[in-house]
Amino acid sequence: MLRVVNRVFLGIVGLVLLVLGGSVLAVGLGAPAPSWWIHDSRHDVLMSDAERTRWRDDGWWWPIVIAVLAVAMLLALWWLVSVLRRRRLAEVLVDTGDGEGALLRGRALENVLTGEASRVDGVDRARARLTGRRSAPEAHVRLALEPHVDPGAALHDLTTGALTHAGTSAGLASLPAEVRLRGVKHRAGRVS
C-alpha cells in the first residue's frame with residue numbers, strides 16, 4: 001500500500017512541478033503568456049510589494065502560514081522516513097549454544113527459503129522476504145500456484161518443509177510466516 005501511495009504522490013508532484021516549471025520557462029523565454037497566467041511578461045516579478053504585504057497586519061495570517069508549513073514539513077518527514085526505512089531483515093541472530101551466537105545474512109536465508117519453496121509440488125514461482133527483529137524474524141512468502149494444485153496441500157508442504165527447515169537451520173524456536181497464494185494465469189484447455 002505504501003509503495004502505491006509513494007508512486008502516486010511522486011507522480012502528481014512531478015507532473016505539477018513539470019507543468020509549472022515548463023510554463024515559467026516558456027514565459028521567461030518570451031512565449032506569450034495565457035490569459036489565466038499570473039504574470040504578464042518575462043519582466044514581471046513573482047510577487048509584488050502589495051501581494052507580499054497584503055495580510056501582514058491581520059492576526060490570523062502568520063498562524064495559518066506557520067500551521068500549513070508545519071503540516072507540510074511533517075508530511076514530508078513521514079514520507080522520507082517511510083521511504084528510507086529498511087523493510088528487509090539484514091541479518092538473523094543464530095543461537096550457537098555457547099552464549100555467543102552467530103549472524104546469518106538475511107538474504108542468504110531468504111534465497112534458501114525461496115529455493116526450497118519453489119521446489120514444492122505445484123509451485124510455479126516463489127519469493128520469500130524476512131522482516132522483524134534479528135532475534136525474532138518473520139517470513140513473508142508469496143507463491144504462484146499452477147492450476148492443478150490444491151492450495152491447502154501446497155501450504156501444508158511449505159510449512160512442513162521449507163519453513164520448518166529454515167527455522168531449525170537458523171536455530172529459531174518459531175518462524176512466523178505470512179503466505180500469500182495466487183494462481184498462475186493459464187490458457188483454457190480445449191475440449192473436443
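**View 1. Glu91 and Arg134 form a salt bridge, with the closest N and O atoms 2.8 Å apart.** The pair links distant parts of the chain, Glu91 in strand S1 (residues 91–94) and Arg134 in the loop between S3 and S4, 43 residues apart. This is a predicted model, in which local features need pLDDT of at least 70 and side-chain atom pairs count only at pLDDT 80 or more, while totals for chains, interfaces and linings use all residues. Residues are numbered from 1 along each chain as its sequence is written, and side-chain values use heavy atoms, leaving out hydrogens and water. A salt bridge is a side-chain nitrogen of Lys or Arg within 4 Å of a carboxyl oxygen of Asp or Glu; the count by this rule is three. Strands (E, at least two residues) and helices (H or I, at least four) are DSSP runs numbered from the N terminus. Glu91 has 29% relative accessibility and so counts as partly exposed (buried is under 20% relative accessible area, exposed over 50%, partly exposed in between; 1.4 Å probe, protein chains only).

**View 2. Strands S3 (residues 123–133) and S4 (residues 136–145) run antiparallel, joined by ten bridges.** Two strands pair if DSSP finds at least two bridges between them. S3 and S4 form a hairpin with two residues between them. Ala128 has Val141 in S4 as its bridge partner.

**View 3. Asp124 and Arg125 meet through their side chains in a salt bridge (2.9 Å, N to O).** Asp124 is partly exposed at 35% relative accessible area, and Arg125 is partly exposed at 42% relative accessibility.

**View 4. The side chains of Glu178 and Arg180 form a salt bridge (3.0 Å, N to O).** Arg180 is partly exposed, at 48% relative accessibility.
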